[in-house]
Amino acid sequence: MPTPTPTPPSRLFPGWYVVGGAFAVTFLGFGSAYTFSAFVDALQTDFQASRGSVSLVFSLAGFLYFALGIISGPLADRWGSRAMAIIGMLFTGAGLMLAGLARNLMEVYLAYGLGVGLGVGFSYVPAVGAVQRWFSRRRGFASGLAVSGIGVGTLFMPPIAALLIESLGWRQSYLLIGAVTLALGLVLSLLIRNDPRDHGLYPDGDPAPPPGAVSDGMQVGEAIRSKRFLLLYAAGLIASFGLFVPFVHLVPYARDHGIDSASAALMLGAVGVGSTAGRFLLGSLADKWGRQVTLMAMFMGMALSLLIWLFSRDFWGLSLFGFVFGVFYGGFVALIPALAMDYFGGRHISSIIGVLYTSVALGTLIGPTAAGYIFDLSHSYTVPILASIATNILAAAIMTRIPKVRSVPSCSTPALEKET
């Protein structure tokens with residue numbers, strides 16, 4: 001391995017540029033993906049399709065962009081996170097534009113489902129995996145800041161999509177959103193760097209690791225056989241059955257209760273506002289409180305927030321739900337990669353996060369689609385909402401069984417300690 005060339009000192013630690021690149025990737029990728037709720041009515045009308053069959057478009061994409069982490073993570077560990085992020089942005093932009101040209105729902109499955117699914121799948125895990133390597137003491141905050149791009153994207157992109165659909169139609173809207181995503185994504189992905197050691201640096205900008213610190217971490221096979229991984233995987237899987245139901249069905253639910261499209265899209269924007277706040281605040285607080293116990297609180301918070309949805313029918317009630325749900329959802333997304341780094345170390349972190357996210361993929365594939373078909377049969381979202389509450393409570397209960405990580409100095413690898 002060649003000796004790394006030290007990066008000249010600068011006022012701003014280069015890790016923050018990596019955070020900025022990851023923010024851009026998550027903003028563009030997930031922001032574009034979460035506009036789907038604004039397109040549901042138009043796709044139903046144009047293709048004379050049921051809500052369940054239209055919901056499957058998003059579920060297919062969601063399954064892919066979490067399941068593909070098992071491929072993109074190892075590729076990022078081998079080829080570098082920047083290359084994978086660039087490939088992902090190419091797929092995302094192209095998929096959105098091809099969706100605008102679709103002649104039937106099957107072509108939407110192929111264009112949006114595969115294009116956006118592959119795009120986010122190739123870029124997300126490598127981008128957030130790179131951030132974990134650049135930070136130790138401030139990992140929760142840095143990770144939260146990076147993935148807050150999802151929240152900001154959810155805040156701005158769905159309302160913008162709703163306005164574009166009203167003025168341009170859904171096809172031109174997909175073409176425009178795809179072109180912007182492609183252009184900006186390719187440029188901003190260049191900010192991502194794989195590992196501080198490649199530049200003669202250490203996490204958090206420290207001059208050197210503390211004595212006795214371990215910098216590598218577990219092998220992938222060792223990590224995924226551990227009790228911590230198996231329980232964390234189970235919690236993510238079970239919670240994810242209900243996690244993405246609001247992202248597909250909140251806008252159609254609001255439209256069913258007489259709320260206009262623009263106002264309904266703003267409710268999804270409220271999820272983005274809450275999500276951004278959750279990623280900033282809870283990611284940082286978790287560094288002090290403990291990331292494991294904070295993640296358990298996120299599951300309980302999402303369960304309680306879904307009760308607001310269950311009893312809400314008007315704009316303000318649903319907006320309140322969107323914001324509160326977003327806070328806890330944002331904390332969940334920020335903490336998963338940081339907690340994986342705590343448990344398993346950084347040597348193969350992208351690969352490990354990729355395997356971990358297959359749990360979310362399965363839940364995303366099943367949850368929103370099942371909710372759509374249940375609605376088609378019952379014309380009600382009561383059962384999907386109650387089921388989502390139950391899954392989050394069960395996930396929180398599973399978190400109590402995970403062996404805790406003891407507090408250790410910066411740059412060390414708590415995952416290498418014996419599980420207790």
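I started with the helix pair: α13 passes α14 in a left-handed crossing, meaning the near helix is turned anticlockwise from the far one by less than a right angle (clockwise would be right-handed). Helices here are DSSP runs (H or I, at least four residues), numbered from the N terminus.

Before going on, I noted that this is a predicted model, where local features need pLDDT of at least 70, side-chain atom pairs count only at pLDDT 80 or more, and totals for chains, interfaces and linings use all residues. Residues are numbered from 1 along each chain as its sequence is written, and side-chain values use heavy atoms, with hydrogens and water left out.

Back to the pair: α13 (residues 291-310) and α14 (residues 315-344) pack at about 160°, axes 8 Å apart. So α13 is roughly antiparallel to α14, the label for angles over 145 degrees. Axes are lines fitted to C-alpha atoms over the stretch in contact, and angles run from 0 to 180 degrees between N-to-C directions. I got 21 nonpolar, 6 polar and 2 charged residues in their contact.

Next, Arg 228, which sits in helix α10 (residues 227-243). Buried or exposed? Arg 228 is buried, at 1% relative accessible area; the cut-off for buried is under 20% (1.4 Å probe, protein chains only). A polar atom of the Arg 228 side chain lies 3.0 Å from the backbone oxygen of Pro 403. Arg 228 and Ala 340 are 112 residues apart in sequence, yet 9.2 Å apart C-alpha to C-alpha.

Last, Thr 358 in helix α16 (residues 358-378). Thr 358 counts as buried, at 13% relative accessibility. Neighbours within four places in sequence aside, Thr 358 is in contact (heavy atoms within 4.5 Å) with Phe 66, Ala 67, Ile 70 and Tyr 233.

Terms used:
Helix = DSSP H or I, 4+ residues; strand = E, 2+ residues; numbered from the N terminus. Parallel < 35°, antiparallel > 145°, perpendicular 65-115°, else oblique. Nonpolar A, V, L, I, M, F, W, Y, C, P; charged D, E, K, R; others polar. Buried < 20%, exposed > 50% of the residue type's maximum accessible area, 1.4 Å probe, protein only. Polar contact = N/O pair within 3.5 Å; in protein donor to acceptor, adjacent residues only side chain to side chain.
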